[in-house]
Amino acid sequence: MPQRPEIKVQLIHLQGPYKGEIQDFTDERISIGRHPSSTLCFPKDLTIISRKHAEIAREGNRFKLVDHSTNGTYVNGKPVNETYLKNGDVLAFAEGGPKVSFLTETLSPGRTEDPPSQPEAAPKPPSSPRSPEPSKRSASPGPEAGEAPAQPRRVKAPLIVQYGPTLRSYTELPVTIGSGRQCDFQIDHPSLLAQHARISFSGETYWIEDLSGQSNVAVNQRAISGPTALQAQDAVALNRGGPFFVFLGGGRLAEAEEEP
């Protein structure tokens with residue numbers, strides 16, 4: 001008998017009283033409002049939100065958003081009564097109210113009618129230990145530079161990147177960021193090069209590296225010149241004029257409207 005997969009819903013708060021937080025839910029129904037029984041409960045003085053504002057309900061392997069509010073619920077800027085959600089949708093509870101990005105992750109695939117996934121290709125063998133290591137460049141004082149290799153090996157590690165309405169989840173690193181189509185996370189921004197930055201994972205630590213060769217990337221307002229360890233609440237600027245991000249820890253990188 002087919003087994004129903006377990007799916008986790010993640011709501012990344014982009015605006016509102018919980019801005020910067022990521023909340024995980026495995027409930028069949030996620031109630032949203034000011035009522036104390038709400039799964040996602042907003043402060044009682046945030047009166048723009050109805051006591052029972054909206055609900056996200058699982059139907060099969062999809063999630064339906066249903067609005068119950070006075071001031072409306074918006075998906076990607078458009079008012080809705082009910083709609084099925086997809087990864088990366090931006091939900092606004094009332095016009096000018098709190099905003100969240102919607103993301104799902106399958107925790108246990110179970111048995112479905114989908115064809116089995118192809119086995120992953122074997123990882124490439126590590127480079128020869130005789131290869132030179134450009135990572136010997138040290139970062140500026142402040143963020144700690146470490147022993148992460150200049151060409152990090154691909155490893156299993158989670159990463160969530162949110163920029164504007166775009167929300168992407170990765171299970172393998174490194175991930176490249178830039179304006180080029182070949183990047184894993186593409187950002188259409190005039191200040192970014194085609195291959196601008198790279199995030200990797202090594203030694204139980206997330207690292208960021210400037211690929212521009214121009215010391216454009218800064219962590220906590222200090223330009224970096226080599227792989228630099230990221231810690232929770234670090235401010236990341238991809239260039240002097242942005243884009244700006246906050247590293248929330250646990251592999252979560254969220255856009256900041258201005259330099260934190």
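Rings of Phe, Tyr and Trp (its six-membered ring) pair if their centres lie within 6.5 Å; planes under 30 degrees apart count as stacked, over 60 as edge-to-face and the rest as tilted. Ring pairs of this kind join Tyr18, Phe42 and Phe93 into a cluster. The model is predicted: local features need pLDDT of at least 70, side-chain atom pairs count only at pLDDT 80 or more, and totals for chains, interfaces and linings use all residues. Residues are numbered from 1 along each chain as its sequence is written, and side-chain values use heavy atoms, with hydrogens and water left out.

**Overall fold**
- The protein has 23 strands and zero helices (DSSP runs: E, at least two residues, for strands; H or I, at least four, for helices; numbered from the N terminus).
- Of its 260 residues, 44% count as buried (under 20% relative accessible area, 1.4 Å probe, protein chains only).

**Aromatic pairs**
- The count of aromatic pairs comes to six.
- Tyr18 and Phe42 are stacked, at 5.6 Å centre to centre with 20° between the planes.
- Tyr18 lies in the loop between β1 (6-15) and β2 (22-25) and Phe42 in the loop between β4 (40-41) and β5 (54-59), so this pair ties together parts 24 residues apart in sequence.
- Phe42 counts as buried, at 1% relative accessibility.
- Tyr206 and Phe247 form a tilted pair, 5.7 Å centre to centre and 55° between the planes.
- This pair links distant parts of the chain, with Tyr206 in strand β17 (residues 205-210) and Phe247 in strand β22 (residues 244-247), 41 residues apart.
- Both Tyr206 and Phe247 are buried.

Conventions
Buried < 20%, exposed > 50% of the residue type's maximum accessible area, 1.4 Å probe, protein only.
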